[in-house]
Structure formats: structure tokens, C-alpha cells
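Dear colleague,

Please find below the structure I wished to pass on to you, together with its sequence. My notes on it follow.

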Amino acid sequence: MRDERIKYLFVWPAFLIVLAVSIFPLIYALTVSFQSMRLTPPLPARFVGLENYLGLLASARFWGAIATTSIIVLISVAVQYCVGLALALSLHSNVPGERLYRPLFLFPMFMAPVAVALVARMIFSPTLGPLNEFATFLGFPNLPFLTQANWAIAVIAIVEIWQWTPLVTLLMLAGLQGLPREVFEAAAIENASPWQRFWSITFPMLLPLSVAVVFIRIIEGLKIIDTVFVLTGGGPGTSTETLTLFAYNEGFKKFNLGQASALSFLFLMVITLFGIVYLALARPLMEKRT
Amino acid sequence: MVHKLATLVGALMVSAATPALACEPDYTGVTLSVGVQTGPFVASALKTASDNWSKKTCGKVNVVEFPFGELFPKYITALQSSTGDFDVMAFTPAWLPDMADFLSDMPANMQQGEYWADIHPAYKERLMIWNGKVKAAQMDGDMHTLQYRGDLFENPEEQKTFKAKYGYDLAPPKTWDQYYDIAAFFTRPDKGLFGTAEAYKRGGQQFWFFFSHAASYTNNPNVPGSMFFDPETMKAEINNPGWVKALEDYKKGLDFNPPGSLNNGSSEIRPLYSGGKVAMNIDWGDSGILGADKKESRIIGNVRASVLPASAKIWNIKKSAWDEFPEPVASPFLAFGGWQLGVPTSSAHMEAAWNYVQEVTSIETSGKAIVTAGTGVNPYRLSHMSNVENWLSIFSRPEAVSYLGAIKGSLDAKNVTFDLRLPGFFNYTEALEIELSKALAGQVEPQAALDAVAAEWDSLTEEFGKDKQLAAYRASMGLPPLK
């Protein structure tokens, strides 16, 4: 009995460390979200209840940020998955030059998002960028890549696709290489066409991995800030402002800590809700396919 | 024996006195921590001065650099929690209202003699002061001026064609109407030339460019301090007809800027000028310096500058009507206002810190910094502006005379306009930037955009405490407290 108690004693230090480094900041942020707290001008903190949350839920800027983030994430992750899977299938089929392509495809994801965004900003620059210069040379009008809302969102999605498709390729390729060979050999004996092999064997067997990969990319995509910050700064107006950039502006430009904390928790709720809905939708699909 | 003893004692005294002579004042063992934005701009000037100071005083300096966006949060958290992390802070005048309560006063011995007399009054009587006390030392002077190209403006063919078309001589514009005439005249997309370049990007310092236009229509000398707020009620004035006119003007300029200028910040418009793609631009002095850089510029020898254009009609908030003046009233805008140095009261080495500040801002050290590439230090002392010879390592003589003339002319102007300095500065400018970029993108009309800004500004003022904000605003505008 005494030994039983001692084992709990050994657990306590680890528990306290976890409490200190993760749970405490979370609880502190939660309490701040119910207060009016600003660093500048330095005003005494006061309890405001749900005012920060209600203010955000009533703000068009908040819903605009959710819409912008969702559009960028849905478009970019969908394309990342399709292109990533196609590339993984090509690499798995040992296309000529596969040994060269494999490291080349992975190159973008090794770059820092800020560096990628800076390069993209130069490429899409209306005055100094090569893309518009080439378009103008061919007689096309100068395109407002970063100054018109729809174009700017498209550019952000393109940059996301360019940078993160390699990760999807890498994960899907690992999945492909782990599939049992016997099933494909049996399909070959049955004279199954390549499409039949893909649609009836490869894709269903990869579905659990696909669900996980898409889920990871969606969660990561929802956190997008650096690319948007460098490319458009959230403008014009707030038309390309994502949730994380909105939170950054509230917290680090306006030092409105109460509002920024509330925004962070709303963001957490959005992600959680998104995850629950996504997994609920994916489950029957996986059960049907497997 | 006595003689030998005396010699020995004398030698000992000399050797004991030697370090003291080398270190004057002696700050041996003192290490100052100096906060600044990531270099080379400003930070390199501080590092050079640090070496000088270390040689003189035997103290050490640790220059700690942070990206500009992180600088203010670092400072304000360090000041509010009195951590003593910084002995000297490099900051902008707009932050002074939020920081002033935590900063020490400049020592009296620095507020006298040639050191003090040589600082331009616009800085030492206004921007370095908060609530009647000198809280900061200027280390850089900043304002918006108009840059133009000598090769275009002094070309007889261009002059003749311009006069035939507009009926007056081609010269640096005195009014905003002339500015747009000239911008339209030089807009020749087929030749890769555009009239002007200004920053329009949200987060690219756009609001300072807007303020430069607005100063001409709203900084009424008949109602001092009424540009941003009513100095008696603290009601936001940013949606009055003067501001709307300024926004319409600012937006009109897009027609004469290179394509895609909505995404140009101040760092993009400099190479447009030095690269010869525009005839004019509005910017800080950095455009002129870049235009004279032999490695970067395509307009070598042709850098010219003048005071910002003006207006002869200025909105009067008391009469709710335009005041007409016989001549355009030059209202050059001291955008940003330059970098300053302050010493927190939490510093453990306050005396040494102020001594270091004095070294950085001394006539000799600052005189070298202003003509050293990459320091980002612009003139703020009278000697900086009068000593043309000092500038000939960068500029040709006509360029130097023009560049310095524009700076001095701006600072000396009777109706010189000071930047907004108010607690919660970024809350006000963030609200402005959002609506401004919506208006520039054509998503809302200028009046509607500015109405939204005014409502947000009034709401922020109420939240921060109207009386406190009013007192701070009046102090920043050089007005006495309300009775």
C-alpha cells in the first residue's frame, strides 16, 4: 500500500512541470480573455465577462477573417492533396529521373515561409516583378496580383500549394511504399487496369493516411500568418486578413491583450469544431472503403 | 634616500592617476545595454558611437537589436515591470507618451552650451519634450520632403513643353494642384516613366503619407493643434472636409504612380526614384541618399528636394468652413519625427547611460553619422544643415544645397506640422490603416471611410479616458493644459 503511494510521489514533479509550462499559461490566457487588459495605454485590468467574445462575434472583421482563412485553406489543401498524391504515384512508379525529382520536389518545404513569401512578393510585384513584366511584354494588362482581394487570395493559395505540396508527396509516398505487394500481384493476375488498381486498391488502402494528411494540412493551414503578413499585410483593407494575423494585430500592434486572448480561444474553438466535423465526415467514408 | 622615496611616491601617484586620465569619466566595470531596431539603420550609428564611448570612459556597451515590430512590446513590458533590461532605449517620438512615465529626465548639464544650442528648436522645444520635461535626446531627424529629378525639371525641352501646356514654369510644386499637374505631365507609361511615387500599402507606413497631404488642408494656424482632434473636446476631426479633400488627393495620385502602387510601402518607392522610374516622390531623406548612391542609382547628380507642396485653403474646425489665405501656407509634415534615445528610471547606470547618449548625439559624432552610408541618421542639428562641405562625400554641391535646403526649409516653416503623439498611438493608426486601404482600393468612399475612422477614434478615446487623452494631446501639440 505504501509503495502504491510512493509511485504517485514520483509522478508529481513531471505533473508540476507540465502544469507550469502548458496548463498555467492556458488558464492565464483564459482569465485574461474575460478582462479588459491593454499594455498601451497602461490601464488597470478589469473584469468584463463575455464582452470580448461577444464583441468579436458581432464584428464583421472576425467573420471576414474566418471566411478568408477557410477559403485559403480549403483551396490550397485540396490542390496540395491532389497534386501531392499524383506526384507520389509518379515517384512510386519509378518514372525516369525519379532519383533527381525526389530531392527537388522536397526543396520548397525546407525553406522558411517568410523567405518563400518574400520571393513570391518579388515575383508578383506589379512594378518590379518578372511575371507582370512578361505579361506586359506579351501585350496583357498589368495584373493586380497583390492589390485586388481575389487575386491576392489566389496568390496566397498558390504560395501555400507550392510550399506544402512536397510534404503531402512525401507522406503519401511513404504510405504507398508501405502497401502490401501481394494485393497488387493478385490484381495483375486478374488483369485489372491501372485505373481499377488505383481506384479499387491503392486509394482505399491509402484513405486512412489521406484523412490524416489532409487533417494535418488543414490544421497547419489554419495557422497561416507569415505568408499573408509579408505578401499583403492583410490588405487591401482587411480582405486577406487571416485569423492569426487578426490576433497578431490585436495583440502586438494594438496591445489589446484581452481581445487577443479571446480571439485565440475562439480560434481554438474554430479549429476544434473543424476537426470534429471533418473526422465525423471522414469516418463513414473510411468504413465504407476499407 | 628622501629624494628616492619622493621619486617612488611620485611615480606611484602618476601610475595611479594614469587610468583615471584614460577614462574620463571613469565607467570601468559598467556595461550598458542599449535597445534598438535591427541594423544597420540606426544600430550601426549606435555601435560606432559605442566604440568611441568605450575608448573614452572604459565602459562597455551591448547594443541589443530587435526587429522593428518587436521593439515597442519589448520596451513597454520591460518598463512596466521595471526589469532594468535596458539602460538606453532607441525609440520614435510617437512612443514617448506611452513611455514617458518610466523615463528619466535629461540631466541639466546636457541642456546647456553648444551641445544644446545646436539642436534645431523643432526637436528640442517640441519632440524631445513631454509634459514640460526633456525625456529624450534626438539622434536622427525625420520628415517628409518632395524629391524630384534635376535632369527632368532642368531640361529646357521639358520646361518649354510644360509651360506651353500648363501656362506656368516647370519648378518644384508649391501647391498640391501643381504637384498633380507635374505628375500628370511626366506620366509616360510607354517610356517606363511615371509622375510620382508614394506609399499606399497597409503596414507600409501609408498613414504618414496620408498625413503629409492632410497637413496642408487641416493644420490651420488660426486654430493651433486642431489637425487630428478638437483640442478642447478631443472629438476626432479626421472626417472633416479637410481630411476628405486630402484623401481624395492622395487617392488621385494613384493615377500617376507606377502600376500596382497600392502594394508599395516606403521601401518600394525609394528604388523607384533612384532607379529613374518616377519624376518625383514623397519620402524621408533616405530617397535622396539612395539617389546619390553610385552603386544603386541611375540618377546620379540629379537628386533634388524641396519642401512639401502646400494649400491656400485650410479647414477651420471652429467655423466649420475653409479659411482662405493669400498665399499657400507651407505645412511640412515631420513624419515619424526621427529616432530618439531615452534612459529608463529602472536603469542601474543612469549617469553612465546619459553620458553615452551625449556621446551618440554630440556635434562631432552625429556630424559623422549623417554622412556615413547605412546609418540611417538624418540631420537634426543646425550644424548638420549649415555645413555643406560635410555632405560633398555623398552629394554633388547642387544636390547637397537642395537636400539640406528642403530639410531646413521644412523645419523652419512657421506652420511646420508635428506627427500624432498620443498614448495608444498604434490603436489609432491601426483603425486608420484599415479604412484607408479600403478607400484606396475603392471598396468604400473617402467620406465613409473617414467617418468610420472618426467613430473608432472617438471610441478609443472614451475607452482610454477622454480627459487623460485630451491632456496628452494638448501637451503633444504644444498647447497649455485646459483650465
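Of the 290 residues that make up chain A, 32% count as buried. Please bear in mind that this is a predicted model, and that the values in this message were computed from it.

Chain A

Chain A contains twelve helices and two strands. Along the sequence, their order is α-β-β-α-α-α-α-α-α-α-α-α-α-α. The radius of gyration of chain A is 24 Å, whereas a compact globule of 290 residues would have one near 19 Å. The C-alpha trace of chain A spans about 80 × 75 × 30 Å along its principal axes. Among the contacts in chain A with a separation of 6 or more, 68% are between residues 24 or more positions apart.

The two domains of chain B

Chain B is assigned domain 1 (26–138 + 340–376) and domain 2 (145–334 + 416–476). Taken over C-alpha atoms, the centres of these two domains of chain B are separated by 30 Å. Where they meet, eleven residues of domain 1 of chain B are in contact with twelve residues of domain 2 of chain B. On the domain 1 side, α4 and α6 (121–127) of chain B each supply at least two of the residues that touch domain 2. By class, that side of domain 1 divides into eight nonpolar residues, one polar and two charged.

Nonpolar cores

The largest nonpolar core comprises 145 residues, and those with the most contacts inside it are L46(B), V88(B), F210(B), Y356(B) and V357(B). This core lies between domain 1 and domain 2 of chain B, because both give residues to it. What does V88(B) touch, if its neighbours within four places in sequence are left aside? V88(B) is then in contact with L32(B), V34(B), L341(B), V343(B), A353(B), Y356(B) and V357(B). Another core, of 46 residues, lies apart from the largest one; M37(A), F62(A), V116(A) and V155(A) are among its residues.

Helix α20 of chain B

In helix α20 (residues 466–476) of chain B, the buried residues are Q469(B), L470(B), A472(B), Y473(B) and S476(B). These residues are on the same side of α20(B), because they cover an arc of only 165° around the axis. As a general point, an α-helix has 3.6 residues a turn, so residues three or four places apart point the same way. After α20(B) comes G478(B), whose phi is positive, near 75°.

The contact between the chains

On the chain B side, 25 residues are in contact with 22 residues of chain A. The elements of chain B that give two or more residues to this side are α3 (68–80) and α18 (425–440). The largest share, seven residues, comes from α18(B). The side of chain B that touches chain A has eleven nonpolar, nine polar and five charged residues.

A loop residue in chain B

S81(B) is placed in the loop between α3 and β3 (88–91) of chain B. Is S81(B) buried or exposed? S81(B) counts as exposed, because it has 10 C-beta neighbours inside 10 Å, and the cut-off for an exposed residue is 12 or fewer. S81(B) and H120(B) are 39 residues apart along the chain, and their C-alpha atoms are separated by 34 Å.

With kind regards

Conventions: Residues numbered from 1 in each chain as written. Chains lettered and ligands numbered in written order. Predicted model: local features only at pLDDT ≥ 70, side-chain atom pairs only at ≥ 80, totals over all residues. Contact = placed C-beta atoms within 7 Å. Helix = DSSP H or I, 4+ residues; strand = E, 2+ residues; numbered from the N terminus. Nonpolar A, V, L, I, M, F, W, Y, C, P; charged D, E, K, R; others polar. Buried ≥ 20, exposed ≤ 12 C-beta atoms within 10 Å, placed from the backbone. Arc of directions from axis to C-beta. Rg over C-alpha atoms; globule rule 2.2 N^0.38 Å. Core = buried A, V, L, I, M, F, W, Y, C linked by C-beta atoms within 7 Å. Domains from an automatic or database assignment.
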